[in-house]
Amino acid sequence: MLPEILFLHEQALKCLRLARAAGDEKTRQGLEELAVEFSERAAALERGETPQPLNPPVRRRARG
């Protein structure tokens, strides 16, 4: 389980780095929210709980 916890923490850090470099507010906010989800999942594993599944991103169709 430790490798999964480390992986989730690494993913959270990557999201935060990408959020810092994001060009627009919406992208930054989405990456920060994803980082929080990764961190919450890792914290649940650390407590020995079964974490909730990560919420998949909502895909929107382009209007044309």
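**View 1. The salt bridge between E49 and R47 in the predicted model.** The side chains of E49 and R47 meet in a salt bridge, at 3.2 Å from N to O, where the term denotes a side-chain nitrogen of Lys or Arg within 4 Å of a carboxyl oxygen of Asp or Glu. E49 is partly exposed, with a relative accessible area of 41%, whereas R47, at 53% relative accessibility, counts as exposed; here buried means under 20% relative accessible area, exposed over 50%, and partly exposed in between, computed with a 1.4 Å probe and protein chains only. This is a predicted model, in which local features need pLDDT of at least 70 and side-chain atom pairs count only at pLDDT 80 or more, while totals for chains, interfaces and linings use all residues. Residues are numbered from 1 along each chain as its sequence is written, and side-chain values use heavy atoms, with hydrogens and water left out.

**View 2. The salt-bridge network of E25, R28 and E32.** Salt bridges link E25, R28 and E32 in a network, and in the pair formed by R28 and E25 the closest N and O atoms are 2.1 Å apart. Because R28 and E25 lie three residues apart in helix 2, about one helical turn separates them. An α-helix has 3.6 residues a turn, so residues three or four places apart point the same way. R28 counts as partly exposed, at 25% relative accessibility. By the rule given for salt bridges, the count comes to four.

**View 3. The salt bridge between E4 and R41, from helix to helix.** The side chains of E4 and R41 form a salt bridge with an N to O distance of 3.8 Å. This pair links distant parts of the chain, with E4 in helix 1 and R41 in helix 2, 37 residues apart. E4 is partly exposed, its relative accessible area being 35%. The protein has two helices and zero strands, these elements being DSSP runs numbered from the N terminus (helices, H or I, at least four residues; strands, E, at least two).

View 4. Helix 1 has 20 residues and reaches 29 Å from its first C-alpha to its last, close to the 28 Å expected at 1.5 Å a residue, the expected span being 1.5 Å times one less than the number of residues. Buried in helix 1 are I5, L8, Q11, A12, C15 and A19. These residues cover an arc of only 125 degrees around the axis, which puts them on the same side of helix 1; the arc is that of the directions from the helix axis to the C-beta atoms. On the other side of helix 1, L2, P3, R17, L18, R20 and A21 are exposed. The buried residues of helix 1 pack against helix 2.

View 5. Leaving aside its neighbours within four places in sequence, A12 is in contact with A35, F38 and S39, contact meaning heavy atoms within 4.5 Å.
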